[in-house]
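These are notes for a colleague who is meeting this structure now. Please read them with the sequence and the model open side by side.

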Amino acid sequence: MAGIKKSEHKSYGMGLHDEVLTGRTQQTFFNSEEAENFFYHDAFDVDFNKRATIDAEKLQCKELNKKIKELIKQGYGTIVLKNPGAKHSLGVGILQKLNLIVEGSLGYFGVGSIDGPVVRISGRVGWSCAENMMSGKVVIEKNAGSCFGAAIRGGDLICKGSVGARSGIDMKGGTIIIGGDAGAFTGFMMQRGRIVICGDVGANLGDSLYDGTIFVGGKIKSLGADAVETEMTDLDVDWLKRKLKVAEIDRKIDFSKMTKIVSGKKLWNYDNLEPSERKGAI
Amino acid sequence: MCGIAGLIHKGKSTNVGGEMQDMLQSLKHRGPDSTGFALYGDNDSKNYILRFKVGENVKEGSSAKNEDSKVYEKRKDDVNSEITKVGAEIIEEKRITPYSFRYVIKTKDDLLEIAQKIESVEMTEILSLGRSLELVKDIGDASVVAKQYGLSNFNGTHGIGHTRMATESGVDIRSAHPFWGYPFSDVSVVHNGQLTNYWNTRRALENLGMRFMSTCDSELIAVYIANKIRKGVELEEAMKSSLEDLDGVFTYLVATKDKLGMAKDHMAAKPMVLYESDDLVALASEEVAIRSLLPHEIDTYDPYEGEVKVWQA
């Protein structure tokens, strides 16, 4: 904001700074000169060697998430969640570095809206795992439900098993890696980022894809509207080799024989937009 | 939203009533309006079990019109009379609530005539008529309905159930799931989703002589399957063809005397989690329902789009 006086900000002209906000709506303004604004509110320094265990068996979702936040506040950098019992919305909204180890399975919306933590889940996850994830890494040892990684903006989301339909729907960045098969409409309206499916994938892959890349190791049932196949490059192969190694995917894959899917840009074409509009659209 | 659940024990009989109650109670948040059970019990297979209602539950939250409960007695007498008229015999008679009954009857295997006669009585609807099927549905959550109808210790091999969030039709027993595959013995259906070609398909089935009791789109699946069975089509084939003939987003479960089946539409827009072991298959809209039976870590997965599966008891 160099060169612009505070009072010249458009938001001042709109009266947003004087307006008394009521209810749950609040507006926080970012000022790059204030160092604390580089961190999320309530993001604490944690020690990864400081470890705590939570038994989730008798706790409800809200109590569990509160407990995780309390432990983070106390500086615990490694939290183990036992007996999650496929409960919904566990581990959501963690906006900082943390090692979260889930011994069991999560239900719907597990570890949604996270920014930074490394999460390991020994079981399965239900629908919409890691929805809206900004950064960090999530590794699931077994299968995942539908809408896996919906609208993620960054980070690595890895499922070693198979996933349901619409994985990576509306994703805007980051990487989704699936060790097994994926269902219909994978990458539906995907806007950026990469999806890697080591096994087969269902119908309408990449339907209405804006941008981004999808790699498939197995069979593709059908491509969606505006999804087109393109040639694999040496760069792609190198990237896949490195990425799948980091993702701990054991499956033997001939990367050069994978299929690469991108947008045909007939349906939605960012190239026709001005840079500012393009940014706004994403 | 609605929640559906089902389970089948392979080669053994157990407390399916209690198990289904636990599963459906775990899905209460998906549908608080009404709960229904289709349980397949250990009957002697000689006689038929008839579950029917002669009125609606008019407690708070119901969209049914209030009636003087005295009419229930009159309607019940009329039903008894109709049963006798077709040459059937009432072996056992039990009133469960003021408006619903459980009978054991002896009748011939073609159930159409007796079903038509019973339903000719005003406000009377057969919930189920079968050798092992007992279909119970009412307003309230699983615990309320199970307690009201004494289902907590129901022994059997398999069952399906539903928790309903009323969307396109009223909060009443008539629109609650499961639906019986009228007029075929022991066929029941539960559904989660919306059918978008309901009226066209309904009119086509009505022209073939099939009967509808509600305007709930889920009933269409039961009638569709019943019509296929009438034509001699196997259950699995009937379910596969439903994926082409029914339009919309849906996941549904069908149960017969010794089978449990599931089907998921081509969009896979409605959830279903499946657990399968050597002696048990359990499936539900959410894994928490399966965990109510099996609290330890288990391997589950989501069936894919266009998938049809059938298991034998």
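1. The contact between the two chains takes 22 residues from chain A and 15 residues from chain B, where two residues are in contact if their C-beta atoms, placed from the backbone, lie within 7 Å. On the side of chain A that touches chain B, six residues are nonpolar, 13 polar and three charged; here Ala, Val, Leu, Ile, Met, Phe, Trp, Tyr, Cys and Pro count as nonpolar, Asp, Glu, Lys and Arg as charged, and the others, Gly among them, as polar.

2. The model is predicted, so local features need pLDDT of at least 70 and side-chain atom pairs count only at pLDDT 80 or more, whereas totals for chains, interfaces and linings use all residues. Residues are numbered from 1 along each chain as its sequence is written, while chains are lettered from A and ligands numbered from 1 in the order in which they are written.

3. Chain B is divided into domain 1 (3-42 + 142-312) and domain 2 (45-131), with bounds that come from an automatic or database domain assignment. Their contact takes 15 residues from domain 1 of chain B and 19 residues from domain 2 of chain B, and the side of domain 1 that touches domain 2 is made up of seven nonpolar, four polar and four charged residues. The C-alpha centres of these two domains of chain B lie 23 Å apart.

4. Chain B has eight helices and 15 strands, taken as DSSP runs (H or I, at least four residues, for helices; E, at least two, for strands) and numbered from the N terminus. Along its principal axes, the C-alpha trace of chain B spans about 50 × 40 × 40 Å. Of the 313 residues of chain B, 50% count as buried, that is, 20 or more other C-beta atoms lie within 10 Å of their own, whereas a residue is exposed at 12 or fewer and partly exposed in between, with C-beta atoms placed from the backbone.

5. In chain A, helix α2 (residues 61-73) deserves a look. Its buried residues are A:Leu64, A:Ile68, A:Leu71 and A:Ile72; seen down the axis of α2(A), they fall within an arc of 105 degrees, so they line one face of the helix, the arc being that of the directions from the helix axis to the C-beta atoms. These buried residues pack against β1 (47-55) and β2 (76-82) of chain A. On the other side of α2(A), A:Lys62, A:Glu63, A:Lys66, A:Glu70 and A:Lys73 are exposed.

6. After α2(A) comes A:Gly75, whose phi is positive, near 95 degrees.
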